[in-house]
Each structure stands twice: as structure tokens, then as C-alpha cells.
Amino acid sequence: VRRNPGQVLFRQAVHEVLESLAPVVRQHPEYVEGGILKRIIEPERVVSFRVPWVDDNGVVQVQRGFRVQFSSDLGPYKGGLRFHKSVDEDTLKFLGFEQVFKNALTGLGLGGGKGGSDFDPHGKSNGEVMRFCQSFMAELAHHIGADLDVPAGDIGVGGREIGYLYGQYRKVTGRNEAGVITGKGVGYGGSWARTEATGYGLVYFVREMLRDCPGLTLEGSRVVVSGSGNVALYAAKKASQLGATVVACSDSQGYVLDEDGLDLDLLSEIKDVRRERLSAYADERGNCTYFEGRSVWEVDCDIALPCATQNELDGDAARTLAENGCRLIAEGANMPCTEEAIEVIHAKGILFGPAKAANAGGVATSGLEMRQNAGRLLWDFERVDSELDRIMTNIHATAAATAEEYGQPGDLIAGANIAAFRRVADAMLAQGVI
Ligand code: NDP
């Protein structure tokens, strides 16, 4: 508390990890002797900078930009950029900390970082978004590089923003260094399946979890997702492809319930192409209902996939889901379940897939994009997708086996945290106190 005043999200994320580590620390006193616990919760570097830009009315606006370079013990800092009005140092330290562990689980040799700005893309014109991205990158370019720090997208940063950011990076540095950022369009150095990866990967992870859930398969299940952005959309697509009916999704204003199963082409057109609010989906689709200002977790389902933002699913929501028969919750967003929600989920015997493991597919595929860039290659969709599936299956197996090894069978939070911690901690011990 003294070292991180006011940083409630960061402290929540650290608390959840440290709580899982007691059994490891008991067995491995060298981690304490090497100062690992003290070092691992302190970012290597936090860069904060001014981002001035001119809006369409000719008025100068000033945003705050950040890059948190949390850990480079396993490889270059890697993690997305978030553009959302709530972004501050606390948010990005929590996300950067989570990223270190998630990236370790992928096994791809990636350190952890996160960045972003309090810029709110909602309602901004294309020109405004471009000018903001250019100003943001004019400073960020000094701090990143293909072997140093490799950003990607996150909330508010999709293909359009990555394009503007990468263009400005090339302009500012004069270098054609594709591996400096991931999530690029396939036509200029991106990877097939990166757009789909976090959502698809989440559902591959759920498929593995369901092997321990007799009587429930994706085929024939009723699924609810929150959010209607990148992760939510592709989680819904893959779940439907595997035979589930995805009946509801949300945005920050409300949710839509579509008993026939969401029309994902229409949803994608409205959210991705036209950039409209979710209420427009209900207007156009007909025969479905939009609930303004209500929580999507009141919809009964077998499987719930929170894919919007942190702390969006609280204790009450978890209780409602349990009462309505939900049997599995897997986190597509980062830390979407509050600590109380997780207690309820455990108490009610609902299977739980924690974000660090369940949503690692995005960064894993970014890692594959970096490999393709380094080799000047473009793998086809099927190859990337099958690598993604293999990585997610492996992460699930590692988390499950580690939970078992440390006496907490079925607890994927403990398993993921411990397995990731051990990888990072061993690398830190080997490299000395730096
Ligand atoms: P997008 O910007 O594409 O979509 C975000 C969605 O969440 C939107 O529907 C948005 O609604 C909703 N949302 C955002 N903030 C809130 C809020 N405070 N309350 C309710 N709804 C909200 O982001 P992504 O899909 O990329 O990211 C979603 C989550 O997944 C984040 O937690 C992110 O960190 C995580 N993640 C993303 C990865 C990726 O590859 N993109 C990888 C791993 C994790 P609205 O439009 O109304 O704001």
C-alpha cells in the first residue's frame, strides 16, 4: 500500500498471484533468498508522456500516454496498448503484471509489458484517431523495438489503430521493422488468425476444461459473452462453430438477448465496420431484446465468458450465474472477475478458467507473428490456428498438472500462477540480481 498508493487494481492483481504462491515458496526457499518476490512485483520501468493532438474543431487536446515495461527476464517486453478513458498508471501496472505471467505460460520467450492512454476513441473521427495515434507513437517509438518491446492491441486499439501506429513508427525511425508491433494487417507484415486469436484461443481452452465436466460439451451448450469487441466477437464465433448457441453479449451501455443465437455477421458489421453501439444490433436484427443499463450476467447459461473489462463480474453476478445453472466461467478479459466473485465460483463448484491462461491465445499468436516477421514469412491461416490450438491445449495441461503437483487439483488459478511464476523466477535466479 505504501509503495503503490491508490493503485487498487495493481494490488488486487498482485494479491491474487502472491496468495497462490505459498506452496512454491515453502518448497523453494531460494526464491525468497534471491529476492524474487520483491523484485517480480516492481516494474523494470514505467514511461509516462504527454500526447498532444488537434481535434476536428482545431482545438488542442492533451492526453497522457504510458508504457509499463514490467519484466524482460524471458524476452522482449510484450503486451498490448489500451486506449480508454479509464487508463492510468494503476490500470497499466496491473495489466503489465498479469502479462508477465501470461506470456510465461505461452512458452514463447516473451517478457511482459503494457501501455496505453486515457484517449477515448468513442465518437472520434478517423482523422482524430489517426492524429492521436501519430502523436502517441512519436514518443513511444523511442522506447520500443523488435528485440526490445513489442506492443499490440487491447481495448480501443484494433486493426485501424495498429496501422496508424506502425505507419508513424516507420516514419519516425526510418526503419521497416515489422516485428516492432503485432496485430498488423496481413498485407503489411501481420499474421493470419491474430485478429481471431484471443477469442478462438479462449474457446480452445474451454474445450479442454470441459473434459473435466461430465455431461457438458460446447455442442448444444448455451453461452453468454460480455463485451462485443474483438475478444467477445471471436469467442462467440468459435463457440458457435463448435455447436454452442451464443445467446447474449453486451457493451458498456447494456446487453442484447437473442434466443435464436446471435447473428455474428451482423454483429461484426455493426461493431467492427460501422463502429456503432450494440443497441443498433437489436434495432436491425428484430426478434431480440436490448436491455439498457442491465448486466448480461442475469441471463441464464451453461457457460459464461467475460470478455469486456476488469471487475465486470462481481460476487452478486457470480451468485446469479450459479443460481441459473452456469457450470463454467472462463475469462477472456483481463481480471474480469472480482476476488469475491472467484470465492463464490469456487464455493459453488463452477469450473473456472483464469485470464492468464484462458486468454493467452492473443499474445501467443502475436509471438507467432514476431517469428514470421523475423523470418520474413507468412504462414497460412490453418497453420497459425493449429499452433494456437496446440499452445492453448498445452497451457491448460500445464496449469492442470501444476495444480495437481502442488496439492490443489482442479484449481487452474493456482496451477497457472505457480507454473508461470516458476518459469519467470528461475530465469531471474539464473540471471542474477539485476
Ligand atoms: P475492444 O475494445 O475490442 O472491446 C471491448 C468491449 O468491452 C467493448 O464491447 C466495450 O464496450 C466493452 N467494455 C469496455 N470497457 C467496459 C466497461 N467499463 N464496462 C462494460 N463494458 C466495457 O477490446 P478487446 O476485445 O480487445 O479487449 C477486451 C478484454 O480482453 C480486455 O480486458 C483486454 O485486456 C482483454 N484481452 C484482449 C486481447 C486482445 O487480443 N485484444 C488479448 C488478451 C486479453 P464499449 O464499446 O461500450 O466501451
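Figure 1. Of the contacts in the chain with a separation of 6 or more, 74% are between residues 24 or more positions apart; two residues are in contact if their C-beta atoms, placed from the backbone, lie within 7 Å. This is a predicted model, where local features need pLDDT of at least 70 and side-chain atom pairs count only at pLDDT 80 or more, while totals for chains, interfaces and linings use all residues. Residue numbers start from 1 along each chain as its sequence is written. The chain has 17 helices and twelve strands, which are DSSP runs numbered from the N terminus (helices are H or I, at least four residues; strands are E, at least two). Its radius of gyration is 21 Å, close to the 22 Å from the globule rule for 434 residues, so the chain is as compact as a globular protein of that length. That radius is taken over C-alpha atoms, and the rule is 2.2 Å times the number of residues to the power 0.38. Along the principal axes, the C-alpha trace spans about 60 × 55 × 45 Å.

Figure 2. Mean pLDDT for the chain is 97, with 100% of residues at 70 or more; pLDDT is the predictor's confidence in each residue, from 0 to 100. Helix 2 (residues 22-27) has the lowest confidence, a mean of 94, and strand 10 (residues 303-305) the highest, at 99. The model scores are ipTM 0.99 and pTM 0.98.

**Figure 3. Domain 1 against domain 2.** Nine residues of domain 1 are in contact with seven of domain 2. On the domain 1 side, helix 1 (8-20) and helix 5 (89-106) each supply at least two of the touching residues. Helix 1 gives the most, with four. That side of domain 1 has five nonpolar, two polar and two charged residues. The two domain centres, taken over C-alpha atoms, are 26 Å apart.

**Figure 4. Phe119, tucked into a loop.** Phenylalanine 119 sits in the loop between strand 4 (112-117) and helix 6 (126-140). It's buried, with 26 other C-beta atoms within 10 Å; the cut-offs are 20 or more for buried, 12 or fewer for exposed, and partly exposed in between, with C-beta atoms placed from the backbone. Leaving out residues up to four places away in sequence, Phenylalanine 119 touches Gln63, Phe83 and Phe132.

**Figure 5. Two arginines with positive phi.** Arginine 275, in the loop between helix 10 (264-273) and helix 11 (279-285), has phi near 55 degrees. Arginine 275 is partly exposed, with 14 other C-beta atoms within 10 Å. Arginine 376 has phi of about 50 degrees and lies in the loop between helix 15 (361-374) and helix 16 (381-405). With 8 C-beta neighbours inside 10 Å, arginine 376 counts as exposed. Most residues other than glycine have a negative phi.

Conventions
Domains from an automatic or database assignment. Nonpolar A, V, L, I, M, F, W, Y, C, P; charged D, E, K, R; others polar.
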